[in-house]
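Here are my notes on the two-chain model you sent over.

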Amino acid sequence: MKLSISHLSKQYRRDFWGLRDFDLELTPGVIGLLGPNGAGKSTLMRMLATITQPTEGTVKWNDTDIVKSPDTLRVVLGYLPQDFGIYPNLTGAEFLEYMAAIKGMDAKTARRRIEELLVVVNLVNAAKRPLGGYSGGMKQRVGIAQALLNDPQLLIVDEPTVGLDPEERVRFRNLLSDLAGERIIILSTHIVSDVEAAATEIVVINKGRKIEHAAPEKLLALLDGKVWQWVIPSEALTALKQKALVSGTIRRENGIQVRVVSEARPASEAEMVTPSLEDVYLHLVSGSGIRQ
Amino acid sequence: MNTLRVLYHMARADFLERVRSYRFLVMLLFTIFATYIFIPAPKSVQIAGLQLGGYRSIYNSAWIGSMTTLLMGEFFLLFAFYLLKGRIEQDRVSGVGQIIATTPITKNIYIMGKWASNMVVVTAMVVVIIAACIALQYIRGEDYSLKLWAITSPFVLVLLPALTIVAVVAVLFDSINWLRGALGNVIFFFIAYPALTLALDLAGNNIIYPSIYRACAEQFFNCNPIRQIDAGMPPLLGLPIFPYHGVSWTMDIITGRLALIPIGILIALLASWLFHRFDPAESETTLPKIFLWQNKTTPAIKLVTSMADETTPVFISNQRTLTPITSRANSSLSEIYWQLLKQEIKLTFKGVSWLWYLIAFGLITLSLLLSLDSTILVILPMGWVLPLPLWSVMGAREARHGVEQIIFSTPHHLQKQLPIAWLVGVLIALVMGSGIILRLMFAGQWNTLLAMLIGAMFVPTLALAMGIWSRGSKLFEGTYLFVWYLSSIAGVQILDYMGRLPNSFDDGIQWFYAGVTLVLMMACLIGRKRQISHSS
């Protein structure tokens with residue numbers, strides 16, 4: 001099972017490319033797609049989900065070109081878009097029954113999966129209420145359930161934790177980890193902690209281009225010995241931000257504790273700390289490399 | 001000054017939002033096409049025209065302006081209502097309404113802003129119509145001297161004031177929860193529009209037609225004294241010609257038309273009074289539920305509270321595991337289609353009130369009890385207008401509820417979901433006509449039956465095609481009600497898609513609709529294929 005993306009590009013206007021020359025080879029596991037807003041994540045997701053035609057390049061699912069034969073992938077695809085609606089008059093269970101029929105599932109399997117999924121996404125008590133009355137988080141969970149209905153081999157989830165409360169977010173991350181195995185899961189988000197918890201590989205994307213693809217530990221190794229932490233007076237923060245990549249701040253009694261990514265020790269009192277994925281992500285998307 | 005600025009920006013934003021849509025372009029092309037039809041080449045059949053008793057004027061500026069204004073008054077005002085309606089609903093659905101509700105803007109200003117933006121849209125369309133009229137005067141080439149006032153004055157002094165009323169009534173219908181949907185469209189068509197036309201002479205029949213009649217009567221004896229618009233009339237070529245120089249615009253006429261503006265302001269104030277300012281708690285209709293078609297909303301506040309009460313612990317110790325699907329080919333094709341059909345039917349009828357079923361049952365029962373002739377003439381049209389809200393969401397449902405990306409990324413959509421959605425529409429027509437179908441079979445009236453079956457396929461195919469291409473239900477609702485009216489009430493034979501009229505079969509009308517249905521089916525396939533690859 002593999003998904004091969006080769007020279008994939010999407011041009012929206014004559015002078016604007018949403019994605020440019022994107023290459024990636026994916027095998028089973030959870031792939032975290034990280035990037036700032038407007039980086040091209042959703043464009044990539046929509047092309048992989050067969051609903052947007054690429055301008056250039058190919059996407060192959062097990063060597064079948066999905067631009068030419070989208071249904072080959074659609075049969076095994078689960079997709080949760082970033083923005084989606086629901087049919088407000090249907091109940092949660094009815095909406096899932098409808099989606100199961102559209103996905104070509106037989107009634108018996110559909111019933112079993114829906115029953116199980118309602119438990120998994122914690123919607124058993126709300127299953128018989130019209131979707132029009134669901135809260136944002138509940139709608140998101142219905143979206144997650146519909147994506148998992150057909151036990152997809154390729155699961156694409158675009159900003160799946162938006163609208164979920166902290167507990168549900170943790171629950172969803174655990175679910176993704178449980179689902180990983182003989183399937184490819186692409187998790188797109190700009191929330192680093194979501195990826196940190198679930199991803200076996202991470203792809204960082206910015207301004208429509210891939211800028212890094214590696215296992216989390218390899219990405220963390222990029223900044224080994226380059227992340228520093230110390231406390232500075234509040235008024236010194238602005239000046240520090242101008243000359244160094246500040247990846248975090250916490251207010252303390254005696255000033256502000258800062259995390260800085262730097263090749264050399266940025267201050268005599270700075271202590272070297274273990275890099276986090278957030279440090280790596282900010283370092284990569286800042287595009288300026290490590291400032292001295 | 002600040003109020004005017006707010007109004008300006010509201011109207012501007014709303015106008016830009018609309019004119020930049022693909023739908024507006026389609027509407028504009030449709031309007032130009034209508035103008036082209038209303039000013040046919042003298043050799044061509046008149047699809048719709050003034051019935052003057054066998055006379056005509058030449059295509060000069062005055063005649064083109066007055067005649068087109070009368071025809072537009074008959075057709076464009078209705079069309080404009082369906083075009084303009086839905087802007088407040090759009091704010092509600094998009095969530096912008098919630099933001100607007102938290103700003104200091106008053107309900108009066110908001111409603112006036114919507115009215116103003118409606119006016120800007122229709123004024124732009126009228127300008128396009130006038131431009132098309134000028135172009136057609138030269139294309140038809142019977143009189144090359146362009147008189148700008150003669151060609152524009154009927155539009156400016158008759159059509160635009162009438163559109164002022166239509167624009168504000170569209171806002172009024174948008175402000176009232178239970179008039180927002182298909183029920184409101186039906187009420188406007190059958191009640192509000194005829195009432196407004198009669199009371200206010202919106203189309204300007206009593207202003208323009210007397211001038212035409214006088215000009216005709218000065219030359220000929222038996223000119224038609226009553227303004228009559230017919231469809232499918234013979235070509236103009238060879239008809240006796242009378243000179244026409246336009247309407248004499250007196251101060252009485254002008255003040256009479258200007259009086260429509262204060263009436264519009266009163267309607268706007270009523271709309272403002274009834275507008276709930278996007279309060280979800282007020283979204284429930286004040287009408288009994290039996291009158292509801294669809295779009296039931298539940299107050300968000302109530303839901304959030306009830307959900308909080310029912311939330312189960314997040315981490316369940318013995319959380320259910322998901323059973324893997326080991327084989328993806330264990331269900332037969334017939335079972336897949338059967339499941340899909342059941343679900344589409346459920347989706348289509350979800351939210352339909354018991355009153356609808358009661359009326360449907362009553363009509364089917366009546367079609368079995370009354371004489372066959374009266375059943376075909378009266379019950380069939382009623383039976384085929386009742387499902388309007390069900391048909392009108394076909395093809396548009398996915399866009400309306402924002403599920404396109406989810407639905408269109410499922411396998412074999414074009415081969416499965418689309419034909420099943422179409423089939424549900426056809427089944428509705430067949431069930432509504434089931435009593436008549438049985439009677440025709442027993443009576444051996446196979447020709448009428450065939451024509452009716454073609455009609456049963458034509459209507460949902462038209463709905464599906466219009467829903468797919470316009471991504472909304474209003475285009476079908478407006479078009480279908482109009483065609484239905486001309487077919488059922490006015491008896492225009494070319495529009496007899498139900499096969500009701502005695503000579504329709506012999507004249508091959510059913511084959512025309514069979515052909516149109518096939519073309520529409522292709523349009524459905526092409527449109528949906530396009531949507532699937534552009535649903536982002």
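1. A word on terms before anything else: two strands count as paired if DSSP finds at least two bridges between them. With that in hand, look at I5(A), which stands opposite L24(A) in β2(A). Keep in mind throughout that this is a predicted model.

2. Staying with that pair of strands, β1 (residues 3-13) of chain A and β2 (residues 16-26) of chain A run antiparallel, joined by seven bridges. The link between β1(A) and β2(A) is a hairpin through two residues.

3. β1(A) has another partner too. It pairs with β4 (residues 56-61) of chain A, again in the antiparallel sense, over five bridges. If you want a spot to check on screen, S4(A) stands opposite K60(A) in β4(A).

4. Now for the open sheet in chain A. In what order do its six strands come? Reading across, you get β6-β7-β8-β3-β9-β10 (chain A), and the pairing is mixed. As a reminder, strands of a sheet pair through backbone hydrogen bonds, either parallel or antiparallel.

5. Why is one side of β6 (77-80) and of β10 (209-214) of chain A left without a neighbour in the sheet? Both stand at the edges and each has a single partner strand, so one side of each has no neighbour there. On average, neighbouring strands of this sheet are turned by 15° against each other, direction ignored.

6. For β6(A), the partner is β7 (residues 154-158) of chain A; the two run parallel and are joined by four bridges. Within that pairing, G78(A) stands opposite L155(A) in β7(A). Helix α1 (residues 41-48) of chain A packs on the sheet, where it touches β3 (29-34), β7, β8 (184-189) and β9 (201-206) of chain A. The direction of α1 makes about 150° with that of β7(A).

7. Over to chain B, which has 23 helices and two strands. Its radius of gyration is 26 Å, close to the 24 Å that the globule rule gives for 536 residues, so chain B is as compact as a globular protein of that length. The C-alpha atoms fill a box of roughly 95 × 70 × 45 Å along the principal axes. Buried residues make up 42% of the 536 residues in chain B. Of the contacts in chain B with a separation of 6 or more, 82% are between residues 24 or more positions apart.

8. Chain B is divided into domain 1 (2-278) and domain 2 (334-533), with 29 Å between their centres, taken over C-alpha atoms. Where they meet, 14 residues of domain 1 of chain B are in contact with 16 residues of domain 2 of chain B. On the domain 1 side, α2 (22-38), α3 (61-84), α8 (182-200) and β2 (229-233) of chain B each supply at least two residues. The largest share, four residues, comes from α8(B). By class, that side has eight nonpolar, four polar and two charged residues.

9. Last, the contact between the chains: 46 residues of chain B are in contact with 48 residues of chain A. On the chain B side, α12 (300-310), α13 (333-349), α18 (404-408) and α23 (509-533) each supply at least two residues. Which helix gives the most to that side? It's α13(B), with seven residues. The residues on the chain B side divide into 17 nonpolar, 21 polar and eight charged.

Terms used
Residues numbered from 1 in each chain as written. Chains lettered and ligands numbered in written order. Predicted model: local features only at pLDDT ≥ 70, side-chain atom pairs only at ≥ 80, totals over all residues. Axes fitted to C-alpha atoms, helices over the stretch in contact; angles between N-to-C directions. Contact = placed C-beta atoms within 7 Å. Domains from an automatic or database assignment. Nonpolar A, V, L, I, M, F, W, Y, C, P; charged D, E, K, R; others polar. Rg over C-alpha atoms; globule rule 2.2 N^0.38 Å. Buried ≥ 20, exposed ≤ 12 C-beta atoms within 10 Å, placed from the backbone.
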